[in-house]
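Open the model in your viewer and keep the sequence panel at hand. We will go from stop to stop, selecting a few residues each time.

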Amino acid sequence: MTEETVSLNARARPMEAWRALKKIRLDKEQTDEVFRFVNALGAGRARYLATRFKADLEGRALLSERLSLLPTLCDRERLKSLPEGTLGRAYHDFVHGENLTPEVLVEASAGGREMSGEHEEEAYMRDRVRDAHDLWHVVTGYGREGIGELCILTFSYAQLRHRGVGILCAIGSWLTIRRTEGIDVLPLVREAYRRGRDCAWLPPVAWERLMELPLEEVRSRLALPPAPEYCRQKTAIMRDEMRQKSEAAERRAA
């Protein structure tokens, strides 16, 4: 089945996407509306990706076992007990440092999913990609500040080539260029896209089997080198993030 054929099997829902986008512009933390926007524009693409997932050797194994990633990610005590420098420990430190839980993404995605006509294999792949979002942050090295989220979004677009994600990248890049000071945004976006394009395809990765491995070994297996441009501008990125938060607090207090 080709991408063109499968794209004809599902229709985009532009009005639903437009309503979600208006809410996202008012508050970028509305994760449920991000899911709603992406799903409204990507039913055909998701089905194609599920077909590709099934064609992948590791993807077929996951489908056969129906492994759920959530129990691994929710086992906080085990993750915390892993040695420093392992993927699992790095994931634990990342999500707890940001006060995150895997369950939050599950709840946010529930309202944004169009269930009618969704195949079981498509739902399974979507769930794994959703649940692995913060693992993608960890292996790419991108933080949760605004620029880091834009970079992981662009990386995800290169991996998934999903039109909804692509539109969010374009809008996010434009808004970030307008809002930031002292940061060269476009080289960061281009670097994130190249990294997502050139590394291994991440949706069928069996993360459960990698948690005890050193993070750098996992990155090597996934052909994910460092992000020199992001690292070079990291200090300026964090400084500007603090500036924006301070200005937002002042506006709320006014």
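**Before you start**

This is a predicted model, in which local features need pLDDT of at least 70 and side-chain atom pairs count only at pLDDT 80 or more, while totals for chains, interfaces and linings use all residues. Residues are numbered from 1 along each chain as its sequence is written, and side-chain values use heavy atoms, with hydrogens and water left out.

**Stop 1: the whole chain**

Show the chain as a cartoon. You will find 17 helices and zero strands; helices (H or I, at least four residues) and strands (E, at least two) are DSSP runs, numbered from the N terminus. Of the 254 residues, 50% count as buried. Here buried means under 20% relative accessible area, exposed means over 50%, and partly exposed lies in between, with a 1.4 Å probe and protein chains only. Among contacts in the chain with a separation of 6 or more, 76% are between residues 24 or more positions apart; a contact means heavy atoms within 4.5 Å.

**Stop 2: helices α12 and α13**

Select residues 146-160 for α12 and residues 163-179 for α13. How do their axes cross? They come within 9 Å of each other and cross at roughly 150°, which makes α12 roughly antiparallel to α13. Axes are lines fitted to C-alpha atoms, for helices over the stretch in contact, and angles run from 0 to 180 degrees between N-to-C directions. Angles under 35 degrees count as roughly parallel, over 145 as roughly antiparallel, 65 to 115 as roughly perpendicular and the rest as oblique.

The crossing of α12 and α13 is left-handed: the near helix is turned anticlockwise from the far one by less than a right angle, whereas clockwise would be right-handed. Now show side chains. From α12, the contact uses I147, L150, L153, T154, S156 and Y157, and from α13 it uses V165, G166, L168, C169, G172, S173 and T176. By class, the residues of this α12 and α13 contact are seven nonpolar, six polar and no charged. Ala, Val, Leu, Ile, Met, Phe, Trp, Tyr, Cys and Pro count as nonpolar, Asp, Glu, Lys and Arg as charged, and the others, Gly among them, as polar.

**Stop 3: α12 again, with α14**

On the α12 side, look for I147, L150, C151, T154, F155, Y157, A158 and Q159; on the α14 side, V185, L188, V189, A192, Y193, R195, G196 and R197. The residues of the contact of α12 with α14 divide into eleven nonpolar, three polar and two charged.

**Stop 4: α11 across α12**

H133, W136, H137 and T140 of α11 meet G148, E149, I152, F155, S156 and Q159 of α12. This α11 and α12 contact has three nonpolar, six polar and one charged residues.

**Stop 5: E145**

Is E145 buried or exposed? With 6% relative accessibility, E145 counts as buried. Leaving aside neighbours within four places in sequence, E145 touches Y230, K234, I237, M238 and E241.

**Stop 6: R76**

Move to R76 in α7, residues 76-81. R76 counts as partly exposed, at 29% relative accessibility. Beyond its neighbours within four places in sequence, R76 is in contact with H92, H96, T101, P102 and E103.

**Stop 7: two loop arginines**

Most residues other than glycine have a negative phi. Select R66, in the loop between α5 (57-65) and α6 (70-74): its phi is positive, near 55°. R161, in the loop between α12 and α13, also has a positive phi, of about 50°. R66 is partly exposed at 33%, and R161 is partly exposed at 41%.

**Stop 8: cysteines**

Finish with C199, which is buried at 10% relative accessible area, and C231, which is exposed at 52%. How many disulfides does the whole structure have? A search finds zero, where a disulfide is a pair of cysteine sulfur atoms within 2.5 Å.
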